[in-house]
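Dear colleague,

I am handing over the structure below, and my notes on it follow directly after it. Please read them alongside the coordinates.

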Amino acid sequence: MTQSASPHDLSGRIAVVTGASRGIGEASARALDRAGARVVISGRTQSDLERVASTLTNDPVIVQADLSQPRSGTALAERILSEVGGIDILVNNAGIPMRRTPEQLTEDDVDAVFSINVRSLLMLTVGLGPSMIERGGGSIVNISSVAGLHGPIGRVAYAGTKGAVDAMTRALAADWGPQGVRVNSIAPGIITTAIWEESRNTVPGLIEQLEQGVALKRWGDSDDIADVVVFFASDASRYVTGETLAVDGGMARIGTAKVKLPEMED
Ligand SMILES: NC(=O)c1ccc[n+]([C@@H]2O[C@H](COP(=O)([O-])OP(=O)(O)OC[C@H]3O[C@@H](n4cnc5c(N)ncnc54)[C@H](OP(=O)(O)O)[C@@H]3O)[C@@H](O)[C@H]2O)c1
């Protein structure tokens with residue numbers, strides 16, 4: 001009896017991961033490589049990218065880029081296409097946080113967070129999508145955030161970028177569905193990466209308070225997200241498009257505030 005290939009098998013596919021130099025992007029690049037894909041990794045810091053590439057087994061490609069600059073998404077797409085020809089999987093993961101109250105927020109803050117989290121993400125995607133269509137289809141996985149699903153305090157600009165990512169996910173799924181390109185987003189909850197470093201040090205009690213809002217009562221790690229990236233990248237999710245999946249241990253959509261009703265025992 002012949003064994004049919006696993007729907008998670010990515011052998012022969014070419015994947016791109018932005019923000020692959022650490023955190024969720026690094027874990028996603030490793031997971032895609034383990035599943036058999038050849039992975040193109042991008043980020044600003046060459047030495048970090050080299051460190052990640054040294055852990056990958058399927059002839060990885062490094063394409064360094066700063067996605068904060070105008071036209072950098074388009075330029076990165078062109079460079080990737082000249083390196084590998086065409087791609088099958090795109091993981092739009094690069095992003096920056098922006099913790100500012102409405103009173104603190106400046107035009108420069110808004111430009112900074114929208115340029116990376118939204119503009120470059122979209123222009124990289126429209127630059128690479130046609131190569132997926134030429135190859136008969138593909139999968140785009142956008143990393144958004146639970147911040148785009150609920151109303152986080154003090155993060156209006158960041159939440160706006162992530163809501164935009166989810167909205168673009170649905171719109172592109174409509175545009176490219178007929179050509180076999182699926183587009184989904186993952187909304188991570190609280191994941192232990194460098195993105196939290198500043199808040200950890202400057203907001204007392206933040207870590208513990210956030211954990212209270214998670215049904216599973218723990219922070220996530222980058223592999224918790226990477227495994228879902230592989231699911232969306234692979235044929236295991238072949239009939240799923242335009243979706244946003246919260247991968248948050250039960251945070252965004254579950255109210256876990258502890259309310260004690262009179263008839264409840266301790
Ligand atoms: N961690 C969480 O709790 C959490 C929750 C919800 C959503 N997310 C989202 O998940 C994604 C990854 O976050 P993370 O937690 O893994 O963060 P991280 O550890 O800070 O990693 C961010 C990645 O993005 C790259 N990057 C940052 N600025 C860039 C720029 N201007 N141009 C190109 N690349 C840039 C970084 O590489 P270089 O600095 O070397 O360029 C790094 O590889 C982000 O989109 C974030 O919004 C994270």
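The buried residues of helix H5 (residues 156–176) are Ala157, Tyr158, Ala159, Thr161, Lys162, Val165, Asp166, Met168, Thr169, Leu172 and Trp176, where buried means that 20 or more other C-beta atoms, placed from the backbone, lie within 10 Å of the residue's own. These residues pack against helix H4 (107–134), E5, E6 and E7, a contact being two such C-beta atoms within 7 Å. Helices (H or I, at least four residues) and strands (E, at least two) are DSSP runs, numbered from the N terminus.

This is a predicted model, in which local features need pLDDT of at least 70 and side-chain atom pairs count only at pLDDT 80 or more, while totals for chains, interfaces and linings use all residues. Residues are numbered from 1 along each chain as its sequence is written.

The open sheet has 7 strands in the order E3-E2-E1-E4-E5-E6-E7, with parallel pairing (two strands pair if DSSP finds at least two bridges between them). Strand E3 (61–64) and strand E7 (244–247) stand at the edges with a single partner strand each, so one side of each is left without a neighbour in the sheet. Strand E1 (residues 14–17) is joined to strand E2 (residues 38–43) by 4 bridges, and Ile14 stands opposite Arg38 in E2.

Note on methods:
Buried ≥ 20, exposed ≤ 12 C-beta atoms within 10 Å, placed from the backbone.
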